[in-house]
Amino acid sequence: MTDYPKSLPEFQQRFPDDEACASWLFDLRWPNGFECPGCGHDKCWTLSCRSWTYECKGCRRQTSIRAGTLMHASNLPLTIWFWAAYLMATHSNGFSAVQLQKQLGLGSYRTAWLLLGKLRAAMIDPDRNPLSGLVEVDETSIRQRTGNGPVGVGRSHEGKLMIAGAVEIKGQGAKTHPGRLRLAVIADYTSETLHDFVATEIATGSSIKTDGLASYNNAPNMDHDRNVVGDQLAHLVLPWIHRVFSNFKAWALGVYHGLRAKHLQSYLDEFVFRFNRRRYRHAGLKTLLNLVTKRQPMTYKMLIGAEQSA
Ligand SMILES: [Zn+2]
């Protein structure tokens, strides 16, 4: 199986040019050798006239290394995709589109925004397992960014964005630490909404710990450790999800100067991706590129549309 670089010098050595990137992607896409997406045949010619394109010896279909992936129709060199994925996966805070444009010397903001949007879309593994064991669950809200200014500039009564969060608690007593995290945009704090969040993100038979908000009562198929406390003390009974929320808010302000409603879920996904890989960031590069090859192609319009409907 394809290994991954564990430092910046290793990354530079492994991926000096598009050829090195393409050959690594080939192994990632076809770990057991070429398989034609048309007919499943396992023999191909490598075309010399088109970059990283293989012609099936069975049905003659031509498949490029980018075809059927998020890199489809992208004019960017593979090295740029790899650099962007490396930066996004390994940096503890990530980059805004403006920062990425500068870092990679990209020609336009739109190119950087599109590249980031596609990488963010690959930050959720559709086959991921729900959280399990003891899980802290809570909800919070953040002020949304409107207009062109950062949060706090201009009208402040634009409403808040609501978020539900759940984090696994590992260890015992005073030596607990957080496991995996989930964050989701929610429309309200009703039972229906929060039960839905719990049922989607947490495995049957787990135990949830809450601050006593009645909406969590009778959450389906869970043990429930309900701690009725005022807002002042909620951080004591739910220390980890509270820490996550405050880190998320600081990150959203620091990197993005606040978040807008239509972008919110993709930024939550980005934060969760990095949080869940905080102890092995370099492995995140391989995960991210693997998901890039597994996601269907997306266009600029699709990205805009997805965010507008969110
Ligand atoms: Zn074929």
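These legends accompany close-up views of a predicted model.

**View 1. The five-stranded sheet.** This open sheet has five strands in the order β6-β5-β4-β7-β8, and their pairing is mixed. The edges belong to β6 (177-186) and β8 (223-226). Each of these two has a single partner strand, so one side of each is left without a neighbour in the sheet. From one strand to the next, the twist averages 25°.

**View 2. The pairing of β5 with β6.** Strand β5 (residues 160-170) runs antiparallel to β6, and eight bridges join the two. M162 has I186 in β6 as its bridge partner. Strands of a sheet pair through backbone hydrogen bonds, either parallel or antiparallel.

**View 3. Helices on the sheet.** Helix α6 (residues 191-201) packs on the sheet and touches β4 (134-143), β5, β6 and β7 (207-210). The direction of α6 makes about 135° with that of β6. Helix α8 (residues 239-256) lies across β4, β5 and β6. The angle between α8 and β4 is about 35°.

**View 4. The two faces of α6.** Buried residues in α6 are L194, F197, V198 and E201. They span an arc of only 95° around the axis, which puts them on the same side of α6. An α-helix has 3.6 residues a turn, so residues three or four places apart point the same way. Cover for the buried residues of α6 includes β4, β5, β6 and β7. E192 and T200 are exposed, on the face of α6 turned away from its buried side.

View 5. A166 sits in strand β5. Is A166 buried or exposed? A166 has 27 other C-beta atoms within 10 Å. The cut-off for a buried residue is 20 or more, so A166 is buried. Leaving out residues up to four places away in sequence, A166 touches L131, V135, E136, V137, R182, E201 and I202. R128 is 38 residues from A166 in sequence, and their C-alpha atoms are 15 Å apart in space.

**View 6. The largest nonpolar core.** This core has 64 residues. A85, L119 and L288 have the most contacts inside it. Helix α3 (residues 78-90) gives the most to this core: nine residues. Which residues does L119 contact, leaving aside its neighbours within four places in sequence? L119 is in contact with A84, A85, M88 and L288.

How values were computed: Residues are numbered from 1 along each chain as its sequence is written. This is a predicted model: local features need pLDDT of at least 70, side-chain atom pairs count only at pLDDT 80 or more; totals for chains, interfaces and linings use all residues. A nonpolar core is a set of buried Ala, Val, Leu, Ile, Met, Phe, Trp, Tyr and Cys residues joined through C-beta atoms within 7 Å. A residue is buried if 20 or more other C-beta atoms lie within 10 Å of its own, exposed if 12 or fewer, and partly exposed in between; C-beta atoms are placed from the backbone. Helices (H or I, at least four residues) and strands (E, at least two) are DSSP runs, numbered from the N terminus. Two residues are in contact if their C-beta atoms, placed from the backbone, lie within 7 Å. Two strands pair if DSSP finds at least two bridges between them. Axes are lines fitted to C-alpha atoms, for helices over the stretch in contact, and angles run from 0 to 180 degrees between N-to-C directions. The arc is that of the directions from the helix axis to the C-beta atoms.
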